[in-house]
Amino acid sequence: MTVPTNPLLHYNPYEAKHQLDLSLAKAYLLLHSQLKPPFPLTIPSPSEYALLTQALAFSLLTQPDLTKINLKHLHASATDGYDIFTTTLLNLTDNCYPKLLPVPRTQLLFLCSQLINVAAFKVDSLVISLLRRINGGDFTEPNLWLCAELAKILSDNWDWLIDEPLVLTSALFVFLRLLADHYRLVSGPQLDELKRLEISFCIRVLRNCFHLCLGIGRDLIRLLQDLFVIPEFKELWKDLICDPCKFGVLGFSDLCDIYRIKTPRHYFLLRISQEMEAQLRFLLTHVKWVNQQRYQVWFAKKYLSLPGSETVIVDVIRFICQCYHPSKEIIQSNVISRWAVIGWLLKSCKRNYFEANAKLALFYDWLFFNDTIDSIMDIEPAMLLIVSSVPQYMEITHCLLEFLFLVVDNYDVQRKNVIAKGVLGAFNALVKRGVVHSLEVLMNCDKLSPFLREKLSKFLFDKALVSQEKEIIQMQSGDHQDQIAGMPEQAHQWL
């Protein structure tokens, strides 16, 4: 088969071509003579229509000079609400975006905008997939360009966006998270314009659609706290704390109303690329304790080697805690545990700011833990990391407990009692469910500083917090009861 003049994807030498690329190119080669006017007036069969749509997709992506003609053909021939066409672009984004050449990337964003204009079927999924393609910790020009283009497309299609709540809140989550990183970078014309777009979009969504924003849940506050230094967000925070009625949302009168809402898993996936998700799931599902180091080195080289890329560690930790809950079989196997991977990620943070945010990501669900809506698996990794580091890596245990108590005292001083109850409830649930046998491993540990032991004891038995459940330190069985005592000998090699 003759290779088309304008390629779609970039390949390294000796790399096999992607099957999607081959099928699109094949469709184009078969039908390229039919893509020019006059167009056939006959109605194609389903298989012919699918082939024609693929040919048009390839031509639209690789031949921008023929865009006008191809678009007319696409609109005239579409009989399925653009389903096959949008699905083709969605598959390309999910599976091939990093390999897309510059011209097809530009065309892909243009076509996304065009599909929004005609309310194409699955265009919401396409936009969300593109949002996942904005890589955290990547400040290269192509990545910043993608971020800016999506911000422009969504801002220009506001009427469509407010009718797509999941797309709207997904975009808000992504741009809030990215803005925290972009605002710290040295200013430049391109970056300043991007920050302006992000700020304008986020404030517009928060001010006009706050009732939808509440669906993001408690992680919305975690993202907003990083943006307090931005003037527009200072004003927003002032209203959130002092005048919540200004948002006009029935049932929202205090930040506690947001703290109580668990953030759906969908939002954490937005900050992890499709490839990174697959690689993390492989690591946590198949890699044994004795082999984990080489996989971690490979992962760090691929995702954590660029300047500033350690910011993505926060997103990876939230993904591991919230989106990957291993089965009982994996928990009892010799596969590397989540807590060990998180411990390695914390050690990979080179700057205090990123380390603090990573620890907050680890403990965030502890602060507002509610046994009726939160999963024990959300808080399990932090507990196991604390306990499993005794006695060989006490600096880890010290560091995490100190941070946890610091957060209880200072994260939200006005609502300290709410946070303390959440953390106490987390400790209680972890023991009751058998994640750890008891907390005596900490309270009776001579290597733990007397200050922390006393702090932990007072906290656990504070009469103002302990109401109905009087015994928190106790031996109980559960799915996790053998995780500490029976930990593989290689369990501490993550350091």
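**Exercise 1.** Sort the residues lining the second largest cavity by class.

*Solution.* The lining divides into three nonpolar, no polar and five charged residues. Here Ala, Val, Leu, Ile, Met, Phe, Trp, Tyr, Cys and Pro count as nonpolar, Asp, Glu, Lys and Arg as charged, and the others, Gly among them, as polar. A cavity is a set of points on a 1 Å grid over the protein atoms alone where a 1.4 Å probe fits but cannot get out, and lining residues have an atom within 4 Å of a point.

A word on the model: it is predicted, with local features needing pLDDT of at least 70 and side-chain atom pairs pLDDT 80 or more, while totals for chains, interfaces and linings use all residues. Residues are numbered from 1 along each chain as its sequence is written, and side-chain values use heavy atoms, without hydrogens and water.

**Exercise 2.** Find the volume of the second largest cavity and the helices that line it.

*Solution.* Its volume is about 50 Å³, meaning the space filled by probe spheres set on the points, which are joined across faces, edges and corners. H9, H12 and helix H18 (312–323) each supply at least two lining residues; helices are DSSP runs (H or I, at least four residues) numbered from the N terminus.

**Exercise 3.** Now describe the largest cavity.

*Solution.* Start with its space, about 120 Å³. Among its 16 lining residues, Arg-177, Arg-222, Asp-226, Val-314 and Asn-357 lie nearest the centre. Helix H9 (165–182), helix H12 (219–225) and helix H21 (352–367) are the elements giving two or more residues. H21 contributes the largest share, five residues.

Note on methods
1 Å grid on protein atoms, 1.4 Å probe; cavity = no way out; pocket = protein on both sides within 12 Å on 5 of 7 lines; lining within 4 Å.
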